[in-house]
Amino acid sequence: MNWLRSLAGRITLVTAAVAVLAVLVTGSTAFPLIRSAAVEQARQQLARQADAFAATPVASQALDLRERHLLGPDTYELSTITVGGAVSGAAAQLLSAGETQQVLSGEKVSRTVTKGGVQFLVEARALPKGGAIVLTRSLDDVNAASAQLLQRTLLALAAGLLIAVLAGTLLARRLSGPLVRTAAAARRMAAGERTVHLDPDGVAEVRAVGEAINTLDHALMASEGRQREFLLSISHEIRTPLTAMRGYAEALEDGLIPQDDIPGIGRTLSAETDRLDGFVRDLLALARLEADDFTLDIQPVNIAVVLEQAKSAWNGAAVQAGVELTLQLPETPDGHPVLALTDGQRLRQIIDGLIGNALRITPPGQPLALRAWLEESGRVIGVEVHDSGPGLTAEDAAVAFERGALSRRYTGQRPTGSGLGLSIAARLAQRMGLSLTVEPVPAGQGARFCIRLPRAAAVS
């Protein structure tokens, strides 16, 4: 039963069914054609023999007697018609008086006559010196001769059917073999095994499946490798504030902290707690972005309001870091506000992530620009965060939104975070259908991240 459910079993059954159908159609078409062809051939042969008898009756009769003596009785019967119309031989029961007179008048008679449930071929010809000859042959003899041919044809069809079934079985094994191996490889991958290599073979579609499995294996290895590196990185980042918190907690427990230092330690513990909370919130944000029930509230949003709120929220941190946070808004000829068709809260989340990343790497005394403009004839709104940090190379830009890629690359060389901020911003932009890109800038002029949003119609 399991074999019948398999691809090999189905292909074998389909091939056998098609072969049987082909044999039935061929047989039902060929057998009547063979019978009709045999009858027509017998009629033509009988007509030629009748013509020969009529042309040279003496010689033909002598030849007929000689052949019958050497080869045995023939399948046709020879009868005669006298000048007076008397019919002798087997034809006497087969020809009517009218047909007899028709032959004697010189007309050829070619008939199929039924007598006693048996059909006979009748060929009658007039003789040059008067009278006529009649050749008759039973169709039972013709059908008996054609039955041998039908049996041979049936054997040939049976042989063809057997060959078709065997060919179908071999084809099924040929086609299903690579798929069986591919399925086994997929199960091994599902069980956690990696570096499962397949040698794709078979037809083009089956080879494509095998190549896809190899590609999936490599992609899983790369993804799991990035996840391990990310977990190691985030574990290290989380362990740092935890270590500080544990150290101060144990010192407080042992009474090693002077009374005057307790407020400062409290502030340190609060800062490390906030830092740890930031890591947890970033991880939760990533988890929400991957959820299927992630929702968006798309409506016209005043881009100036969103950017001004972001500037106000980050201005204190910028002042504390010694960074000048600037804002430039687009101007319209009619003075109407510039509206973006998006989710304002989610857009603010992207902008906050970009500003937080930019503020961390912008040196004190340098500007951090937040700017919006119109492009593509006013149909698209561009929003950029342009820092004054060390900038990004082309290789950096290619992996800027991969989790922890820049953090791992520049740890110890420049200020870095957990590597989650840009990844969250990019994933959020993707879920919102927005374009978030790293724009090229001259070397030494920082990094420029740009969001492009569809513009909504102005509200009158």
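**Helices and a run of strands**

Guide: This is a predicted model, and a place to begin is T100, which lies in helix α4, residues 97-104.

Visitor: Is T100 buried or exposed?
Guide: Leaving aside residues up to four places away in sequence, T100 touches I81, G85, V87 and L95. Its relative accessibility is 5%, and because the cut-off for burial is under 20%, T100 counts as buried.

Visitor: What distance separates the end C-alpha atoms of helix α9?
Guide: Helix α9 covers residues 344-361, and its 18 residues, taken at 1.5 Å a residue, should span 26 Å. The expected span uses one less than the number of residues. The model agrees with that expectation, because the end C-alpha atoms of α9 are 26 Å apart.

Visitor: Which residue has a side-chain oxygen that reaches the backbone nitrogen of Q345?
Guide: The contact is at the start of α9, where the side-chain oxygen comes to within 3.1 Å of that nitrogen. The residue that supplies this oxygen is D343.

Visitor: Which residue of β5 does V122 stand opposite?
Guide: Strand β4, residues 118-126, pairs in the antiparallel sense with β3, residues 109-115, over 7 bridges, and on that side R111 stands opposite V122. Strand β4 is also joined by 7 bridges to β5, residues 132-138, again running antiparallel. There, the residue opposite V122 is T136.

Visitor: What is the phi of G130 in the turn between β4 and β5?
Guide: The β3-β4 hairpin has 2 residues between its strands, with G116 in the turn at a positive phi of about 60°. The β4-β5 hairpin has 5 residues between its strands, and G130 in that turn has a positive phi of about 105°.

Technical notes
Residues numbered from 1 in each chain as written. Predicted model: local features only at pLDDT ≥ 70, side-chain atom pairs only at ≥ 80, totals over all residues. Heavy atoms only, no water. Pairing = 2+ DSSP bridges. Helix = DSSP H or I, 4+ residues; strand = E, 2+ residues; numbered from the N terminus. Buried < 20%, exposed > 50% of the residue type's maximum accessible area, 1.4 Å probe, protein only. Contact = heavy atoms within 4.5 Å. Polar contact = N/O pair within 3.5 Å; in protein donor to acceptor, adjacent residues only side chain to side chain.
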